[in-house]
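Keep the coordinates open while reading.

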Amino acid sequence: MGTQAQVVDDDFDNFIKTEVQSFDKFIDDANKQFISFLRNPWKEFEAKKPVEKRTKPEPVKPVVYDEKKDPVAPPVELDIEDILGQSTGESKQRPQGKINDGEKVGFEKPQPKPATPTAKPATPATKPATPTAKPATPALKPATPTVKPATPTAKPTTPALKPTTPTLKPATPTAKPASPTAKPTTPAAKPTTPTPPTTPPAVVPVPTAKPSAPMSALYKESSEKQMINYCGQRIYVDKSLKGVCSIGNMREKAVADAYEAMCKADYKPLLADCRQLKKDLKLNDWGVFLFVRDVSNALCADAHASVVMQQFLLNELGYKSKMARRADRDQMLLFVATDCKMYGRPYFTKDGLNYYNLTSDETCQFYMCQEDSPKAKSNIDMQITNAPLLNSGMVNSVHKNGAGTVAVSVDVPKSLMLFYKSMPQCDYSVYVNAKVNPAVADRLLSSLAPIVEGKSETEAANLLINFVQTGFKYATDQEQFGYEKPFFVEELFYYPYCDCEDRAVLYSYLVRNLLKLDVVLLDYPNHIATAVCFNENVSGDFVIVEGKKYIVCDPTYIGASIGKAMPQFKRVAAKVLKY
């Protein structure tokens, strides 16, 4: 009896061992079902041309405050058109790049509109996702910026950055900054109505940036693995799928056969590498997509097969993505669903979600499988909740205020700049709420903290706004890049120029982290400023948001103190962006 029981147990163990070893050779039920859908004829979807609406470009030059032309006047309560946030949608943003013949596409039958405005494709008055007529051509050619900046006091000029060049050339100043701990004798900009200092703003000690955690085997060179150049860093991943995904044509059967071949291959180690990289580098979902695209391009023989592999890997990782075949020519397209609006990209709406074309910026008719992979559960999250650990290729940058009394010197990682350059234009919330690289944050905040320490909120806010107003050179995105590109905080210290929304993001970051005060953005038709909720009784132009008074602070109104709105916007209703 005992011997027979032992034989039965051994047979069962051998059976389980055999099943486990051969598990990856079989296709799970979810993929079987999806592959069967892929083999069915794909449905044709038709592009719908939206109504184009003209938008005016930003001012070519920043507005300079002139006390003679703009004398002290009674404070004005500014009008508010709407109050928007992450849960209610975004106001107008100019699209990134030009989309031919519009960008919204839809299914043949109208799709139900989402319950919340964040899922609507383009409902603001100015239709941010809708392509716009080309703005008035600036003095400089937008596609190839060659303007040379005037020689600054603290930073020598560098050639304007060419956005199409893979290796970006930042402004690299060599001048040594003045001591960052030196306190200016007189603020460059005086407040509209001087108020006696009350309680100094709370200045929290800035922690020293911690070194990066030890990385995994993904960074160890191996001839048995596939090397991926990810944002200038070498990553080594499993290459079991190399050559597996191959399509002779783009018809349904060929695509389904390629998808099935990957399901039968040993693909799980590659998925594990993708998950490990996300953990190692603290990537958001866009960072994972970017890596999946790089991996697929390296493991596939052509771009069409790469799109098929991208959908396969993204679906296996749980992300909503859909491939399509253009109707007018042989080209595979990849659409992904995101958690926020993505500007300047063609898209279609399905089940209340916007899927954006990340392969081409042309609106077109296409064929697509109606069904989704059962494993595709999540949208691509564009928010930067952790600063990506991309710290290679440091570039030093020095910025001083106009008087030379406040200076900041930071080292910006070029690899992080490549990562941010890859991101499509998104809601402003992505830029305002993004975590800043720890080393950059440490140098930036520790340089400015002694300047505002012991000052009243009014004095400190004026010191910070003067630094942002006069420490950075102004140019529109059209002049510098040829398309709209909002900056993350680190990017202001990398590129030679910045515009109004970039300065608003930086000033908001400084006020929140150094003064611990709440900030909102004021989004006008052609301009963005900030407004701060002070604890002190500060006089000046203001808005009332949810019962609280926010004083206008405009980082692009050069020389103007807090409380002064640009004259042309005092009677223009702004959208309030509150994050």
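## Residue classes

Ala, Val, Leu, Ile, Met, Phe, Trp, Tyr, Cys and Pro count as nonpolar. Asp, Glu, Lys and Arg count as charged, and the others, Gly among them, as polar.

## Cavities

This is a predicted model. It holds seven cavities of 30 Å³ or more.

Ten residues line the largest cavity. Nearest its centre lie Met423, Pro424, Tyr431, Lys485 and Pro486. By class, the lining splits into six nonpolar, two polar and two charged residues.

## Confidence

The protein chain averages a pLDDT of 80. A score of at least 70 is reached by 70% of the residues. Residues 48-56 fall below 50. Beyond near neighbours in sequence, that stretch has 26 contacts in the model.

Residues 206-214 also have a pLDDT below 50. Here the model shows eleven contacts beyond near neighbours in sequence. Where pLDDT is low, the predicted coordinates should not be read in detail.

## Nonpolar cores

The largest nonpolar core has 129 residues. Those with the most contacts inside it are Tyr230, Leu241, Val308, Phe419, Leu444, Tyr507 and Leu510. Helix H12, residues 500-515, supplies the largest share of this core, with ten residues.

What does Tyr507 touch, not counting residues up to four places away in sequence? Its partners are Ala461, Leu464, Ile465, Val468, Thr530, Val532, Cys553, Pro555 and Ile562. A second, separate core has 19 residues, including Leu78, Val552, Ala560 and Ala565.

Methods: Residues numbered from 1 in each chain as written. Predicted model: local features only at pLDDT ≥ 70, side-chain atom pairs only at ≥ 80, totals over all residues. Heavy atoms only, no water. 1 Å grid on protein atoms, 1.4 Å probe; cavity = no way out; pocket = protein on both sides within 12 Å on 5 of 7 lines; lining within 4 Å. Points joined across faces, edges and corners; volume = space filled by probe spheres on them. pLDDT = per-residue confidence, 0-100. Contact = heavy atoms within 4.5 Å. Core = buried A, V, L, I, M, F, W, Y, C linked by side-chain atoms within 4.5 Å. Buried < 20%, exposed > 50% of the residue type's maximum accessible area, 1.4 Å probe, protein only. Helix = DSSP H or I, 4+ residues; strand = E, 2+ residues; numbered from the N terminus.
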